[in-house]
Amino acid sequence: MTPLRILGAIVGVLSIAVILWDAFETVILPRRVTRRIKLTGVFYSTIWVPWSAVVRRITTRRRSDKYLGLFGPLSLLILLGMWAFGLILGYALVLWSIQEKLTGGAVGFGTYLYLSGVTFFTLGYGDIAPMLPFGRFLAVVEVANGFGLLAIVISYLPILYQAFSRREASIALLDARAGSPSSAVELLRRHRAEDTFEDLNRLLSEWERWSAELLESHLSYPVLCYFRSQHDNQSWLGALTTVLDTCALVMVGVEGAPVWQARMTFAMARHAVVDIAQVFRTKPSPAGCCEARLTSADLTRMRRILTENGIRLGDDASTEKRLLELRLMYEPYVAALSAWLLMPLPPWILPPDAIDNWKTSAWGRIQ
């Protein structure tokens with residue numbers, strides 16, 4: 001074998017091994033991979049950066065959200081195609097490097113590539129076939145890889161879309177409970193029913209479980225983080241941030257609110273945020289992001305709105321200090337994820353012109 005063919009054999013074997021291992025880690029392995037260099041991670045980082053750069057130039061929010069919504073499903077199909085092409089090319093390089101004898105006339109690299117392709121997809125034309133034992137063995141192994149990738153596609157997509165559906169169902173339910181976009185102040189206001197917070201306690205318990213499911217599914221399948229919600233003013237990151245905001249307000253001293261449940265939900269939601277931020281290696285934003293998101297004037301207005309609805313929030317310096325401490329535990333992470341995924345964070349207080357999504361349609365709005 002010439003040095004060039006030896007190099008081709010090495011590249012081919014490495015390509016096959018890397019792609020098969022990457023497919024195993026991405027689809028089958030039910031835990032987060034901590035290795036810094038991972039083929040799927042490099043793939044998503046490489047294509048997301050130019051995609052997001054182009055979207056940032058689009059001035060219309062609805063149009064930009066439309067293109068962002070295409071990225072998740074489309075990138076998944078491209079990834080599966082990349083795996084298939086990489087395996088076909090790898091086997092072709094191995095066959096070419098060992099100069100496998102073939103039936104059917106003239107032999108060049110294009111012929112080996114064609115043989116690898118029809119073998120991988122099990123087309124079975126029979127016009128070109130390996131003649132030596134090792135070449136036939138490689139053909140059998142490649143057919144097994146082709147069937148395996150098909151099985152991955154059949155099993156992988158339903159799992160992804162089931163996890164996406166469960167995630168989005170709770171986000172849709174939050175629309176009538178916390179406004180559109182969701183807001184911590186609005187959530188507290190709407191759950192002050194009959195001078196009790198019983199419904200809020202139940203809601204926070206449900207979102208503790210939702211956060212745990214989000215942590216499990218989005219660490220195992222990070223591509224789900226790119227899947228967008230049905231409406232441009234909703235997102236999994238926005239919903240999670242609203243829940244964290246609400247828990248922080250309850251924990252600093254909302255009278256009659258379920259403090260213990262708020263602590264449990266806050267712990268689970270914050271755990272999800274931090275671990276997902278580690279997957280994308282998004283460095284926490286500077287502490288100044290907290291001040292920009294909730295100014296002193298906003299805090300005063302928030303106290304006034306809550307008081308008008310029978311909800312008392314402490315107005316001493318210790319309350320404000322404790323709230324800032326809690327916000328610093330999660331806001332730098334959600335701000336970094338927001339900048340990377342282009343998902344805007346929800347406001348603490350709904351703007352005056354905000355209207356719930358369920359009140360709108362293509363033919364008008366319910367006032």
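Is Tyr114 buried, partly exposed or exposed, and what is its relative accessible area? Tyr114 is partly exposed, at 31% relative accessible area, where buried means under 20%, exposed over 50% and partly exposed in between (1.4 Å probe, protein chains only).

The model is predicted, so local features need pLDDT of at least 70 and side-chain atom pairs count only at pLDDT 80 or more, while totals for chains, interfaces and linings use all residues. Residues are numbered from 1 along each chain as its sequence is written, and side-chain values use heavy atoms, with hydrogens and water left out. The mean pLDDT (the predictor's confidence in each residue, from 0 to 100) is 87 for the protein, with 94% of residues at 70 or more. Helices (H or I, at least four residues) and strands (E, at least two) are DSSP runs, numbered from the N terminus.

Tyr114 belongs to helix 4 (residues 109-120). Together with Phe121, Leu123 and Tyr125, Tyr114 makes a nonpolar surface patch of about 440 Å².

From Thr59 to Val274 the separation is 215 residues in sequence and 31 Å in space, C-alpha to C-alpha.

The cysteines lead inward. Cys225 is buried at 0% relative accessible area, and Cys247 is likewise buried at 0%. The structure holds zero disulfides (pairs of cysteine sulfur atoms within 2.5 Å).

Methods: Patch = residues over 30% accessible without salt bridge, like charges linked within 9 Å, V, L, I, M, F, W, Y side chains within 5 Å. Areas by Shrake-Rupley, 256 points an atom, 1.4 Å probe, with all protein chains shown as cover. Salt bridge = Lys/Arg side-chain N within 4 Å of Asp/Glu carboxyl O.
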